Amino acid sequence: MKRIIYLITALLATTNMASTQVTANSRWYNSDEMLTCESESNKGYMFNWDWWGEEDSQCFLTKTSENHFSVDGYNDDFNNYIKAIKDVEYKVVEGHKLLLFKDAKGNILKCFEQSNSKWEKEAIKGYHYVLDGTYVDETGVQYAFNGEYLTMGGNKYKFSIDLEMYFIIQINDAKYWWKVSTTGINLYNVIQGEYGPEQGEVWHKLREISPNGRWTFLSNAIVPSTFMWRYPSGMVRIIRNEIYARHGYVFNSADLKNYFSKQPWYKPQNNNAAVKLNDIEALNAEILKANETVVREGSDDEEIEEGL
């Protein structure tokens, strides 16, 4: 009898551990937006929903079933912003605690990850993911971006990205304008214009030569929105399919076949049924796919540059 009671108690404990772990004062990021849980009740949770670190609105997640919620705002403008969201799911993927905001078809519109990091670190994470990698310039000099460090021609420097002027990096006292290109990133000199810093002449075009692909972080980290918005929609499709390409997936689409056949690391396996993504890769593929059709505002789609 004691053994049965023990087993039931253990089962209940396990069930409780698997239930929603949203708590008051927890913070959730998708890099350019932040949710802060202000309070919790039997019905759900109240959040402050902020953009770029400035408090903007409030929303309430009402529990509809285990780990699922509906979302409502506290004013009409905010409700119009979130009207496409029909379900919010709490999910743990390989240790990452997530809130997945989905439309009526189950497509992921937004993904927030719980983190105790400072706002600035989370907001700038996506830009580092864009830059991270090994490159070579027109003269054969190698560059390696790794987090806050740049190794250039054998010398290591700490560089910084201004959160408000994220298209500028500063290495020591020098500033450079950066843009993604078809083959890597391009760096430009910064000139002082009438209204502030402007893009000058090209300094170096860097072609990525990372040994395992251009966006390897997608195998172990959740893709932030500040990463996706640095690329036009056409390249988001390439990024998503690199996840499959690293597993040797054989593509039928001519553009994908042409792109990946030129990558020295790509080894087609001729057995697509054997291609298995890990849980983070599968989630990132889903998030990226939803963003392939998102209309980019302003000139984002014009910011892709020609590479080497």
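This tour visits salt bridges in a predicted model, pair by pair. Local features require pLDDT of at least 70 and side-chain atom pairs count only at pLDDT 80 or more, while totals for chains, interfaces and linings use all residues. Residues are numbered from 1 along each chain as its sequence is written, and side-chain values use heavy atoms, with hydrogens and water left out.

Across the whole structure, a search finds nine salt bridges (a side-chain nitrogen of Lys or Arg within 4 Å of a carboxyl oxygen of Asp or Glu). Side chains of opposite charge can pair when their charged atoms come close.

First stop: select Glu-122 and Lys-125, which form a salt bridge with the closest N and O atoms 3.2 Å apart. Both lie in helix 3 (residues 119-131), three residues and so about one helical turn apart; helices (H or I, at least four residues) are DSSP runs, numbered from the N terminus. Glu-122 is buried at 8% relative accessibility, whereas Lys-125 is partly exposed at 25%. Here buried means under 20% relative accessible area, exposed over 50%, and partly exposed in between (1.4 Å probe, protein chains only).

Next, select Asp-255 and Arg-237, whose closest N and O atoms are 2.3 Å apart in a salt bridge. This pair links distant parts of the chain, 18 residues apart: Asp-255 belongs to helix 6 (residues 254-261) and Arg-237 to helix 5 (residues 233-245). Asp-255 is partly exposed at 42% relative accessibility, and Arg-237 is partly exposed at 24%.

Finally, select Glu-242 and Arg-246, joined by a salt bridge at 2.5 Å, N to O. Glu-242 is buried, at 1% relative accessibility, while Arg-246 is partly exposed, at 21%.

Notes: Helices (H or I, at least four residues) and strands (E, at least two) are DSSP runs, numbered from the N terminus.
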